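This report goes through the model shown below, from the overall fold to individual side-chain pairs. Please keep the sequence and the coordinates at hand while reading.

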Amino acid sequence: MNTVLEGAFEKTFVVFLLGSLGSMVTITNPLSKIPLFLTLTRDMDEAARRQQARRACIYSFAILTVSLFGGVFILQGFGISYGALRIAGGMTIALIGYRMLFHGPDVRFAGEHGRSDVAFFPLALPSISGPGSIAVVIGISTEIAELQQGFQRVLAYFATVFSIFLTCLLIWLTMRSAQVVSRLIGEGGMDALSRLMGFLLVCIGVQFVASGIRSFLSGA
């Protein structure tokens with residue numbers, strides 16, 4: 001009996017770990033953070049870049065973990081629908097992508113008004129822990145709530161939090177190596193990559209907006 005239970009619990013852990021990790025890595029797309037990170041930190045020294053990368057990933061881990069445990073309650077408490085979340089996040093992502101697409105690596109975000117801290121916005125939110133990744137962890141939390149055994153739910157939550165940690169770790173490693181990648185492909189390559197990623201961000205933003213509109217229409 002104990003062997004059967006242990007097998008079931010191990011299966012729960014593995015299923016939620018691999019499932020949530022695959023979803024998180026896909027939706028966050030770590031490689032897409034390279035041009036944005038270099039754009040936002042181009043006037044910073046190496047120590048400041050490392051600090052911004054570390055803080056952005058810590059913020060993202062906190063945001064996604066809070067969303068996992070309390071996202072549904074937060075949305076319900078403020079009366080925010082999934083559609084509104086996707087539309088608002090999609091518009092923000094599309095705006096960032098638009099500026100990257102038409103201004104290239106010289107685009108300035110928060111730093112253009114004298115701010116030197118871009119770790120929370122726009123790196124952590126909405127670039128890393130955006131509407132897509134938040135929606136993913138909120139969806140996972142609803143699946144965990146349907147598990148019958150309390151210990152299974154604990155394992156599922158632990159596996160999901162661990163997958164969030166691994167995703168943020170991967171993004172941190174990617175941003176830490178951004179300068180090396182930049183030197184390898186050169187300024188022209190970074191300009192092309194920045195504009196390409198800007199276009200993809202616009203597409204992702206439009207897709208989120210369209211998904212949010214569909215949610216509104218289906219719920220009407």
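## Basis of the values

The model is predicted, so that local features need pLDDT of at least 70 and side-chain atom pairs count only at pLDDT 80 or more, while totals for chains, interfaces and linings use all residues. Residues are numbered from 1 along each chain as its sequence is written, and side-chain values use heavy atoms, with hydrogens and water left out.

## Overall fold

The protein chain holds eight helices and zero strands, where helices (H or I, at least four residues) and strands (E, at least two) are DSSP runs numbered from the N terminus. Read from the N terminus, the order of elements is α-α-α-α-α-α-α-α.

Of the 220 residues in the protein chain, 41% are buried; here buried means under 20% relative accessible area, exposed means over 50%, and partly exposed lies in between (1.4 Å probe, protein chains only). Among the contacts in the protein chain with a separation of 6 or more, 86% are between residues 24 or more positions apart, a contact being heavy atoms within 4.5 Å.

Helix 5 is largely enclosed by the rest of the structure, because seven of its ten residues are buried, namely Ala119, Pro122, Leu123, Ala124, Pro126, Ser127 and Ile128. Leaving aside residues up to four places away in sequence, Leu123 touches Leu36, Phe37, Leu40, Gln52, Ala56, Val118, Ile128 and Met175. Most residues other than glycine have a negative phi, and most peptide bonds are trans. The bond from Phe121 to Pro122, however, is cis, with omega near 5°, and a cis peptide bond also joins Leu125 and Pro126, where omega is about 15°.

## Salt bridges

How many salt bridges does the rule give? The count is two, a salt bridge being a side-chain nitrogen of Lys or Arg within 4 Å of a carboxyl oxygen of Asp or Glu. In the pair of Arg55 and Asp117, the closest N and O atoms are 2.9 Å apart, and this pair links distant parts of the chain, with Arg55 in helix 3 and Asp117 in the loop between helix 4 (82–103) and helix 5 (119–128), 62 residues apart. Arg55 is partly exposed at 26% relative accessible area, and Asp117 is partly exposed at 26% as well.

Glu46 bridges to Arg49 with the closest N and O atoms 3.5 Å apart; both residues lie in helix 3 (residues 46–78), three residues apart, about one turn of the helix. Glu46 counts as partly exposed because its relative accessibility is 33%, whereas Arg49, at 12%, counts as buried.

## Aromatic pairs and surface patch

Seven aromatic pairs are found in the whole structure, rings of Phe, Tyr and Trp (its six-membered ring) being paired if their centres lie within 6.5 Å, with planes under 30 degrees apart counted as stacked, over 60 as edge-to-face and the rest as tilted. Phe69 and Tyr157 form a stacked pair, 4.8 Å centre to centre with 20° between the planes. The two residues are 88 residues apart, Phe69 in helix 3 and Tyr157 in helix 7 (residues 150–176). Phe69 is partly exposed at 45% relative accessibility, and Tyr157 is partly exposed at 22%.

Ring pairs also link Phe13, Phe61, Phe158, Phe162 and Phe165 into a cluster. Phe158, Phe162, Phe165, Leu169 and Leu173 form a nonpolar surface patch with about 460 Å² of accessible area together; patches are made of residues with over 30% relative accessible area and no salt bridge, like charges being joined within 9 Å and nonpolar side chains (Val, Leu, Ile, Met, Phe, Trp, Tyr) within 5 Å. Phe158 is found in helix 7 and is exposed, with a relative accessible area of 51%.

Conventions
Areas by Shrake-Rupley, 256 points an atom, 1.4 Å probe, with all protein chains shown as cover.
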